[in-house]
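Subject: Structure handover and notes

Hello,

Please find the structure below. My notes come after it.

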Amino acid sequence: MLKLIFSLSLVGTLLFVGYAMWTERQKTITFDVSAYRVDDSHLQMADYSLISLGKRLFHDPRLSQNQEVSCASCHKLEHSFADSEPVSLGIKKTFVNAPPLINMQFQKWFFWDGRADNLVSQVLQPLMNPREHGLTPQSLAETFRIHYESEADFILKKATKINANRSIRDQQLNLEVAKALAAYVNSLVALESPFDRFMANYQANDEPNFVEGFGPDEWHGFQVFLGKARCASCHGGALFTDQDFYVTGLASEHRIHRPDAIQTLSQDPLRCFGKDDCTELPESSHPMSVRTPTLRNLVHTAPYLHDGSAPTIRDVLYRYMRPRPVEDRHQDITNLYLNALELNNLEKFLVSLTSPVRELGEQLEGKTQPSH
Ligand code: HEC
Ligand code: HEC
């Protein structure tokens with residue numbers, strides 16, 4: 001892999017003499033998608049039962065205060081599980097743009113401000129958010145008990161002492177609801193784009209052979225992305241995010257406050273749920289910092305940025321070319337001079353990161369469920 005990285009950097013340097021040389025950090029960026037496990041042959045029927053319960057819950061508007069809002073109201077399959085609004089509508093309008101739900105199983109922090117560090121904690125937050133589903137722990141457990149009676153009975157029989165009180169039983173039910181939703185969200189993967197096919201081929205043959213959807217223009221755009229435009233210093237790696245937080249000044253209106261997120265995270269009773277290693281709270285606590293989003297499947301997820309203020313990919317690129325002079329803005333975001341060809345090809349490269357969203361475990365769909 002290292003050889004590939006250096007050869008990429010060499011080609012970049014030869015093609016664009018005079019452009020910024022790679023930093024040590026850039027040389028270590030790998031775009032090798034095989035680092036991410038997408039093989040679902042190991043999935044057992046029991047995993048699939050949980051995923052399919054999660055899928056039903058995800059699409060069920062009865063899990064909301066007005067019986068009209070489901071997760072799928074704002075996370076739509078045709079938009080890679082984002083939506084097409086600047087901000088989404090639940091019970092009321094949210095403040096920020098809905099991100100796509102792809103490759104979540106590899107994500108370290110959730111939300112634009114990183115206020116959750118695992119999906120079980122994350123999925124409970126929209127359910128309880130008065131602007132989204134508007135439920136309470138009591139009403140969620142009650143709704144689940146009524147509409148998912150056999151699942152609720154099964155969970156309670158397995159988990160609860162006969163005389164546990166109502167609130168403990170509610171907690172147990174809600175935790176299982178969260179685990180099922182998290183299992184479904186975790187099963188959504190999009191890592192099979194033209195770019196990935198090109199890279200796999202490149203690695204095997206050590207020279208760039210173009211594939212459908214990734215030709216000379218996209219290759220040139222990739223060089224601009226890695227070199228002159230410095231995009232890879234934050235959007236590097238196969239997920240196209242380094243999962244860190246930065247001050248960019250890209251959004252028209254800054255709508256999050258990172259210290260609040262760190263505070264929420266430090267007090268979250270479900271912090272590090274299901275993790276072997278509890279990640280230290282991050283240092284990037286600048287009030288204006290925002291998590292680097294993935295750049296996969298952008299063509300499905302307009303509008304862009306956490307405030308949803310950029311209607312097109314091109315508009316985001318223009319903002320990088322003339323960024324607002326906000327205090328403490330990251331050094332890699334400075335006036336960027338791209339000519340029309342570079343701009344076009346950079347955009348084409350971004351488009352080549354599009355792949356269908358796959359639901360892991362689909363091959364088990366329709367097979368007999370184990371009876372409880
Ligand atoms: C009213 C619209 C709405 C509903 C309903 C909703 N979401 Fe979201 N979702 C959002 C928005 C907006 C964000 C970003 C919020 C933020 O960063 O503060 C988000 C963020 C997320 C994230 C984190 C993504 C990331 O990259 O960090 C996940 C996972 C998620 N939602 C799953 C769900 C699930 C599961 C449900 C149902 C229980 C749900 N959402 C219901 C709008 C919604
Ligand atoms: C210093 C880190 C950094 C650099 C360098 C950087 N980005 Fe970003 N990028 C971010 C952050 C953080 C956001 C989210 C900002 C926000 O929403 O307020 C973002 C947002 C985006 C978005 C919007 C994605 C979405 O889903 O809303 C696109 C597209 C994008 N960047 C592309 C690029 C390109 C192309 C380059 C190179 C010209 C680049 N980025 C350079 C950190 C960076």
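**Conventions**

This is a predicted model, in which local features need pLDDT of at least 70 and side-chain atom pairs count only at pLDDT 80 or more, while totals for chains, interfaces and linings use all residues. Residues are numbered from 1 along each chain as its sequence is written, and chains are lettered from A and ligands numbered from 1 in the order in which they are written.

**The chain**

There are 14 helices and four strands in the chain. Both are DSSP runs numbered from the N terminus: helices are H or I with at least four residues, strands are E with at least two. The chain has 372 residues, and 40% of them count as buried. Buried means that 20 or more other C-beta atoms lie within 10 Å of the residue's own; exposed means 12 or fewer, and partly exposed is in between, with C-beta atoms placed from the backbone. Among contacts with a separation of 6 or more, 74% join residues 24 or more positions apart. Two residues are in contact if their C-beta atoms, placed from the backbone, lie within 7 Å.

**The two ligands**

Ligand 1 is surrounded by 26 residues, and the closest are Cys71, Cys74, Gly90, Phe111 and Pro126. A residue is taken as near a molecule if its C-beta atom, placed from the backbone, lies within 6 Å of it. Helices H4 (71–74), H5 (119–128) and H8 (166–186) each supply at least two residues of this shell, and H5 has the largest share, with five. The shell around ligand 1 has 18 nonpolar, seven polar and one charged residues. In this classification Ala, Val, Leu, Ile, Met, Phe, Trp, Tyr, Cys and Pro are nonpolar, Asp, Glu, Lys and Arg are charged, and the others, Gly among them, are polar.

Ligand 2 also has a listed shell: 26 residues surround ligand 2, with Cys231, Cys234, Tyr304, His306 and His330 the closest. Helices H11 (232–235) and H13 (313–321) are the elements that give two or more residues to the shell around ligand 2. H13 gives the most, four residues. By class, the shell around ligand 2 divides into 17 nonpolar, seven polar and two charged residues.

**Helix packing**

H10 (residues 216–226) packs against H14 (residues 340–351) at an angle of about 100°, with the axes 7 Å apart. Axes are lines fitted to C-alpha atoms, for helices over the stretch in contact, and angles run from 0 to 180 degrees between N-to-C directions. The angle makes H10 roughly perpendicular to H14, a term that covers 65 to 115 degrees. On the H10 side the contact includes Asp217, His220 and Phe222, and on the H14 side it includes Glu342, Leu346 and Phe349. The contact of H10 with H14 has five nonpolar, three polar and four charged residues. H10 is mostly covered, with eight of its eleven residues buried; Trp219 and Leu226 are among them.

H6 (residues 137–147) and H8 pack at about 75°, with axes 9 Å apart, and are therefore roughly perpendicular to each other. Leu140 and Phe144 of H6 are among the residues in this contact, as are Leu173 and Val177 of H8. The contact has six nonpolar, three polar and two charged residues.

In H12 (residues 258–266) the buried residues are Arg258, Ala261 and Leu265. They fall within an arc of 55° seen down the axis, so they line one face of H12; the arc is that of the directions from the helix axis to the C-beta atoms. Pro259, Asp260 and Ser266 are exposed on the other side of H12. Strand E2 (245–246) is included in what covers the buried residues of H12.

**Single residues**

Most residues other than glycine have a negative phi, and most peptide bonds are trans. Arginine 230, in the loop between H10 and H11, has a positive phi, near 55°. Asparagine 297 has a positive phi of about 60° and lies in the loop between E3 and H13. Both are buried: arginine 230 has 22 C-beta neighbours inside 10 Å, and asparagine 297 has 23 other C-beta atoms within 10 Å. Alanine 302 and proline 303 are joined by a cis peptide bond, with omega about -5°.

Regards

How values were computed
Angles under 35 degrees count as roughly parallel, over 145 as roughly antiparallel, 65 to 115 as roughly perpendicular and the rest as oblique.
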